[in-house]
Amino acid sequence: MHKRILAVVVVFVLTLLFTSHGQAQDAFYKGKPITILAGTGAGNVYDIFARMFARHLGKHIPGNPDIIVQNMPGAASMIAANHLYNVSKPDGLTIGAIFPALYFDQIIGRSEVKFDWSKFIWLGSPAKSDQLLYMRADSPYKSVEDIVKASPAPKCGATGTTSTAYYIPKLLDQTIGTNFEIILGYKTGTDIDLAVERGEVICRAFTIEAFFAREPFFTWVKKKLVRVLVQTGKKRDERLRDVPTIPELMDKYKTDDMGRRLANLVLAGGEFGRPYVLPPNTPPDKVKVIREAFAKTLKDEAVLADAKANKLDIEPSTAEELERLAKEVVSQPPDTVAQMKKLLAK
């Protein structure tokens, strides 16, 4: 009898605590907008994902807050990451949507890095991001083999050293002997694409998903303005069956073990995908709420339909997976750091 009474009391107390917690979160978030700080310009796939979350995330958060997107482009989202880490209040009201390879600059000790990649609070990623490198079809470079020891070097555009547009061609230079010239300083990927149309640069590396998701690439493919020369990933994308992968090229060119370790570290950026993070020191109760909402959003039928309409692939990574990977990538031996410094040398 006493055990039965005790059990009833325990259930009552737990129910009361759960209800109180839910009511507290509802009271906190109700009427307070949450900002997604997107480290890119408007209109590209990073921004499209952020705006999709803005439409759907709030309904999975107690109090159903409005979600707004604030674009903060520049330096391959370094500006946004530094702002989130050092300026944004850790109150559960600001979420960062940042580039996946910012850990590169931390590994090599660049002074502009004002964050510790492993100390961001990870929410997860809606998709992994294998990449490709396209080249203007009217250029003399018809294959990766044409760029090995090429002179003159084909010019690719990039926003910053931790952008795919920079590190993929540089990785090819270091592992198989290609010869690219990277033109830095573009503010957004769209600016690079416009430069390609003008002939200012003739190549760019970025995500496969974006290439198949939006203009100008639909039109470019139709008009055969560009061709895809290489892709990342362990196997070929179904849409790029005739395009070699970096692992295949490393086998062909007999890349050594050091080069392969470097490639594994660099291509881990694809595992981070399109990461969403909170500032360090965000209270655990707010972290729990946002993480749960993030996970529910990625299973929401309306979100899946929205993603399909926008030609976005949903292949989620969990907060725990990214947290573990973040700690792993920033802990590198000196010889790997030296190779990374060489790769990222401007």
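This is a predicted model: local features need pLDDT of at least 70, side-chain atom pairs count only at pLDDT 80 or more; totals for chains, interfaces and linings use all residues.
**How helices α10 and α13 pack**

The geometry of the pair comes next. Two packed helices are described by the angle between their axes and the distance between the axes. Here α10, which spans residues 257–272, and α13, which spans residues 319–329, pack at an angle of about 165 degrees, and their axes lie 11 Å apart. Because angles over 145 degrees count as roughly antiparallel, α10 and α13 are described as roughly antiparallel to each other. The crossing that α10 makes with α13 is left-handed.

These two helices belong to a protein chain whose secondary structure amounts to 14 helices and 11 strands. For its 346 residues the globule rule gives a radius of gyration of 20 Å, and the value for the chain, 22 Å, is close to this, so the chain is as compact as a globular protein of that length. Taken along the principal axes, the box filled by its C-alpha atoms is roughly 85 × 45 × 40 Å.

Of the 346 residues, 54% count as buried, and among contacts with a separation of 6 or more, 79% are made by residues 24 or more positions apart.

Key
Residues are numbered from 1 along each chain as its sequence is written. Side-chain values use heavy atoms; hydrogens and water are left out. Axes are lines fitted to C-alpha atoms, for helices over the stretch in contact, and angles run from 0 to 180 degrees between N-to-C directions. Helices (H or I, at least four residues) and strands (E, at least two) are DSSP runs, numbered from the N terminus. Angles under 35 degrees count as roughly parallel, over 145 as roughly antiparallel, 65 to 115 as roughly perpendicular and the rest as oblique. A crossing is left-handed if the near helix is turned anticlockwise from the far one by less than a right angle, and right-handed if clockwise. The radius of gyration is taken over C-alpha atoms; the globule rule is 2.2 Å times the number of residues to the power 0.38. Buried means under 20% relative accessible area, exposed over 50%, partly exposed in between (1.4 Å probe, protein chains only). Contact means heavy atoms within 4.5 Å.
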